[in-house]
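Please work through the exercises below with the structure open beside you, trying each task before reading its solution.

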Amino acid sequence: MTRPIPKSFHVKSFGCQMNVYDGERMTELLGAQGMTAAGADDADLVVLNTCHIREKAAEKVYSDIGRLRRGDGTRPMIAVAGCVAQAEGAEITRRAREVDIVVGPQAYHRLPDLVAKAARGETALDTDMPAASKFGALPRRAKQGPCAFLTVQEGCDKFCTYCVVPYTRGAEVSRPWRAVLDEARALVDVGAREITLLGQNVNAWAGEDERGRSQGLDGLIRALDRIPDLARIRYTTSHPADMTEELIAAHGEIGKLMPYLHLPVQSGSDRVLKAMNRSHSRDSYLAILDRVRAARPDIALSGDFIVGFPGESEADFEETLSLVRRVGYAQCFSFKYSARPGTPAAEMTDAFIPDAIASERLQRLQTLLNEQQLAFNRTSLGKHTEVLIERAGKLPGQMVGKSPWLQSVHLTTDAAIGEIIPVELVSAGPNSLGGAALR
Ligand code: 5AD
Ligand code: SF4
């Protein structure tokens, strides 16, 4: 079936922050083609930028596709992008015939060609992982808010036994030094005050600076520190194995590097960590956090946990709880194990944990993590700090910003979006703080 080239588009991103970043880049790319942004209900083209990390996330795309049918029986041109596209490829168009385009995370710079193909009624599938990076083919950064994401590294070579990322995002690749710094400057030129460097293993970033010297993520952060109008730098997500002494030291030395570290551990049991192929132990993880805290005593720590991994006993799970108690996290993400096709853990069917047990463990873990999050927020009370104003709040005169420790802060101020202002933190809830502007 041939159809007109779409004039308007809508990009909907699911999953991690890298998908948010990719979604923004697709938006800029389609905008540069002369298409206008529209709502999901009236756009000519809808791009579903999908996540494959857990089964629920992956299945969501199919119910979403069904929902795109409109009251008058028509539907937009539909593109499935992201990790489900990479993992399932042509299978998607077999399961959901409405889908016109399938495009993987390393191929979306070719979206305009795929749209043209789909309009001609041709198969439009591209899940290549080309050696040449997509980034060079994307337009310059468009105007945006004060907090920006910047992908510096993609892919993963760690092969944790439960995880699809090494298959959907491919091998670890670092973007070159110069490309990252150019994009960072471009983001600052269009309004960014804070940049979060993104990568599945962001702390494995490696490259050469303009003088040919080898650099790690700490060197890249030091170079970003020299961009005058950039005020804050963050990075996520890191792997314990790549947490170098230089990067740890950077937390104590670089004022713009915010006091927050997301360092997933997944489990507190060495037996489970081994079965997960995590390449760190409970003690080596804790030792890293001790060194990070020595470098930056006020650092807010965050992590990811999986409960109900195949073979996890009650004693293993209690090791996880005891690790959490020992660390004292500011914020955490925790998930029930989800068997993903093609991963080694999905073969451990004899050791699968019944869902009721996994759910009960998740609840116990989340209760503890929520208590810790509230406790952390309460330790902020009375602190004088700086808040980056991000958006208007719900009440008149209210604004919402971010503390250095990544907490949302609600306050009344006439400061504009993008300003960084001194604030006293005066109230603390589980998910946000109240502040009083000090000027
Ligand atoms: N099941 C449950 N959680 C998973 N994660 C990754 N793969 C799985 C899976 N198969 C979690 C990990 C990772 C986060 C991004 O998602 O905790 O750090
Ligand atoms: Fe997945 Fe492990 Fe790689 Fe993280 S380090 S992306 S959990 S394989």
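The exercises that follow concern a predicted model, and each task is followed by a solution in steps.

**Exercise 1.** Find which residues surround ligand 1, and sort them by class.

Solution. Begin with the residues around ligand 1, which are Ile53, Arg54, Tyr162, Gln266, Asp304, Ile306, Phe335, Lys336, Tyr337, Ser338 and Arg340. Sorting this shell by class then gives 5 nonpolar, 2 polar and 4 charged residues.

**Exercise 2.** Locate the polar atoms of the protein that lie within 3.5 Å of N or O atoms of ligand 1, and then state how much of the ligand the protein buries.

Solution. Start with the side chains, where a polar atom of Asp304 lies 2.6 Å from an oxygen atom of ligand 1. Turn next to the backbone, where a polar atom of Ser338 is 2.8 Å from a nitrogen atom of ligand 1, and a polar backbone atom of Tyr162 is 3.0 Å from a nitrogen atom of the ligand. As for burial, ligand 1 taken alone exposes 400 Å², and the protein buries 86% of that area. Finally, the elements that contribute two or more residues to the shell around ligand 1 are β15 (300-307) and β16 (331-336).

**Exercise 3.** Identify the residues around ligand 2 and the classes into which they fall.

Solution. The shell of ligand 2 consists of Cys156, Lys158, Phe159, Cys160, Tyr162, Cys163, Val165, Pro166, Asn201, His239 and Arg278. When these residues are divided by class, 7 are nonpolar, 2 are polar and 2 are charged.

**Exercise 4.** Describe how domain 2 and domain 3 meet.

Solution. First take the bounds from the domain assignment, which gives domain 1 (8-126), domain 2 (135-306) and domain 3 (384-437). The C-alpha centres of domain 2 and domain 3 are 25 Å apart, and 12 residues of domain 2 are in contact with 13 residues of domain 3. Between these two domains about 1000 Å² is buried, with carbon and sulfur atoms giving 61% of that area. On the side of domain 2, Pro146, Arg193 and Arg232 supply 45% of the area it buries against domain 3, which is more than any other three residues supply.

Methods: Residues numbered from 1 in each chain as written. Chains lettered and ligands numbered in written order. Predicted model: local features only at pLDDT ≥ 70, side-chain atom pairs only at ≥ 80, totals over all residues. Heavy atoms only, no water. Near = heavy atom within 4 Å. Polar contact = N/O pair within 3.5 Å; in protein donor to acceptor, adjacent residues only side chain to side chain. Areas by Shrake-Rupley, 256 points an atom, 1.4 Å probe, with all protein chains shown as cover. Helix = DSSP H or I, 4+ residues; strand = E, 2+ residues; numbered from the N terminus. Nonpolar A, V, L, I, M, F, W, Y, C, P; charged D, E, K, R; others polar. Domains from an automatic or database assignment. Contact = heavy atoms within 4.5 Å. Buried area = accessible area lost by both parts, 1.4 Å probe.
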